[in-house]
Amino acid sequence: MVFDINKKVTWTGKIDWELKKFHGDEYSTHRGSSYNSYLVKDKKTVLIDTVWQPFAKEFVANLKEIIDLKKIDYIISNHSEIDHSGALPELMREIPETPIHCTKNGAKIIKGHYHKDWNFVEVKTGDTLDLGENKIIFVEAPMLHWPDSMMSYLTGENILFSNDAFGQHYASEHMYNDKVDESELYQEALKYYANILTPFSPFVIKKIEEFSSLDLPVSMICPSHGIIWREDPLQIVNKYMEWAKNYQENQVTIVYDTMWNATRTMAEAIAKGIKEKDKEVTVKVFNCADRDKNDIIAEIFKSKMLIMGSSTINRGILSAAASILEMVKGLGFKDKKAAAFGSYGWSGESPKIIKEELKKAGFEVIDEGLKQLWAPDREDIEKCKAYGNGIADIIRQKV
Ligand code: FEO
């Protein structure tokens, strides 16, 4: 499938309806994804990005149906990651001399992936590529989210090809933001930001400010995954600015793992205690052994506070809880509070371990945590609720 975005630009990517996991097994894609490639036909013709390697043959075959490959004057690789550069080997077999415009890091990484010395043309912010009537302006975007990342802006049509930024893992035949369910779209865009872009938020702010200062009109934002922003395209840019500034909703997220339900009982009692004291705050409770870890990260991203629990096992914590802690450590959330809890039978290290890990991850841990010997009885449940009451007070102070 290909489709025209306007008279000059054709989408030549791949909608991957079946994708369930991305980045190996690291990122869940409940709604599939797409790898967006764009063919711009002016006096000169330029192809912007390709698709993931398993779809390389299909991609090249589709391209051949709409253009003689030899008529592609330039290739732009906005980002070297395999999901966008994966069809280059297949394509370059046919047109090996075609220049590939990319950043200096892009050329290095593509060589590192494919071990080919293609005709790389290294570009920097402000460099342009004249297409005849319109031109491409290159804007480097290092660490959004790789060192090589770059965006390309097409003058005349006023389209920003933003690559991963502003994208979502969201397969849909209705490729425009005004054609899809807005809440699904934003759910996927936020999950993408939370799980992939959070560590680079300072770069997001700087890049948006820098791009805004260029005063280029934007009629459309064409990312490399998911839906194209054509109706009020800057809405996603404004949203990124909000997300990049230590975004929070009035939410507390409780994440736990449990062996014989004692820690689960604590989680539910703490949740009840928060709600008793504050009817307005959203409290969500997730068993991390059972629920999707990337969805949990998206909920933590939205929260003022993370309350993390695990039973003690072998003087440590349960592996699903450890996995979430490892993820939040890497993502480096800012300006969030946290607390720890957990049940035990004899040694009882879990709250202490969780507390230490949360501190290392940059959370402001409110206290030593809540520890429960064996299963909570009625009195213990009341203690957990009281602990939740206290958390509600702390959260309210944060408003
Ligand atoms: Fe969609 Fe960073 O690749």
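**Entry 1: the domains**

I am working with a predicted model. I looked up the domain assignment of the chain first. It gives domain 1 as 3–244 and domain 2 as 252–397. I then took the centres of the two domains over C-alpha atoms. They are separated by 38 Å.

**Entry 2: the interface**

How many residues of domain 1 are in contact with domain 2? I found 14 residues of domain 1, and they touch twelve residues of domain 2. Next I looked up the interface area. The size of an interface is often given as the accessible area lost when the parts come together. Here the area buried between domain 1 and domain 2 is about 1000 Å². Carbon and sulfur atoms give 57% of that area.

I turned to the polar side. Six residue pairs are in polar contact across the interface of domain 1 and domain 2, with both residues at pLDDT 80 or more. Which elements of domain 1 give two or more residues to the side that touches domain 2? They are strand E5 (27–28) and helix H5 (182–197). H5 has the largest share, with five residues. I also sorted this side of domain 1 by class. I noted six nonpolar, four polar and four charged residues.

**Entry 3: salt bridges**

Side chains of opposite charge can pair when their charged atoms come close. I counted 28 salt bridges in the structure. Two salt bridges lie between domain 1 and domain 2. I also looked up the pair Glu-26 and Lys-293, which form a salt bridge with their closest N and O atoms 3.5 Å apart.

I checked another pair, Asp-42 and Lys-8. Their side chains meet in a salt bridge at 3.4 Å, N to O. Where do the two residues sit? Asp-42 is in the loop between strand E7 (38–41) and strand E8 (45–48). Lys-8 is in the loop between E1 and strand E2 (9–11). The pair links distant parts of the chain, 34 residues apart.

**Entry 4: the sheet**

E1, E2, E7 and E8 sent me to the sheet that holds them. It is an open sheet of seven strands with mixed pairing. I wrote down the order as E1-E2-E7-E8-E9-E10-E11. Why is one side of E1 and of E11 left without a neighbour? Strand E1 (3–4) and strand E11 (120–122) stand at the edges, each with a single partner strand, so one side of each has no neighbour in the sheet.

I followed E11 to its pairing with strand E10 (residues 100–102). The two run parallel and are joined by three bridges. Ile-100 stands opposite Phe-120 in E11.

Technical notes. Residues are numbered from 1 along each chain as its sequence is written. This is a predicted model: local features need pLDDT of at least 70, side-chain atom pairs count only at pLDDT 80 or more; totals for chains, interfaces and linings use all residues. Side-chain values use heavy atoms; hydrogens and water are left out. Domain bounds come from an automatic or database domain assignment. Contact means heavy atoms within 4.5 Å. Buried area is the accessible area (1.4 Å probe) that two parts lose on being put together, summed over both. A salt bridge is a side-chain nitrogen of Lys or Arg within 4 Å of a carboxyl oxygen of Asp or Glu. A polar contact is a pair of N or O atoms within 3.5 Å; within protein, one must be able to donate a hydrogen and the other to accept it, and residues adjacent in sequence count only if both atoms are side-chain atoms. Helices (H or I, at least four residues) and strands (E, at least two) are DSSP runs, numbered from the N terminus. Ala, Val, Leu, Ile, Met, Phe, Trp, Tyr, Cys and Pro count as nonpolar, Asp, Glu, Lys and Arg as charged, and the others, Gly among them, as polar. Two strands pair if DSSP finds at least two bridges between them.
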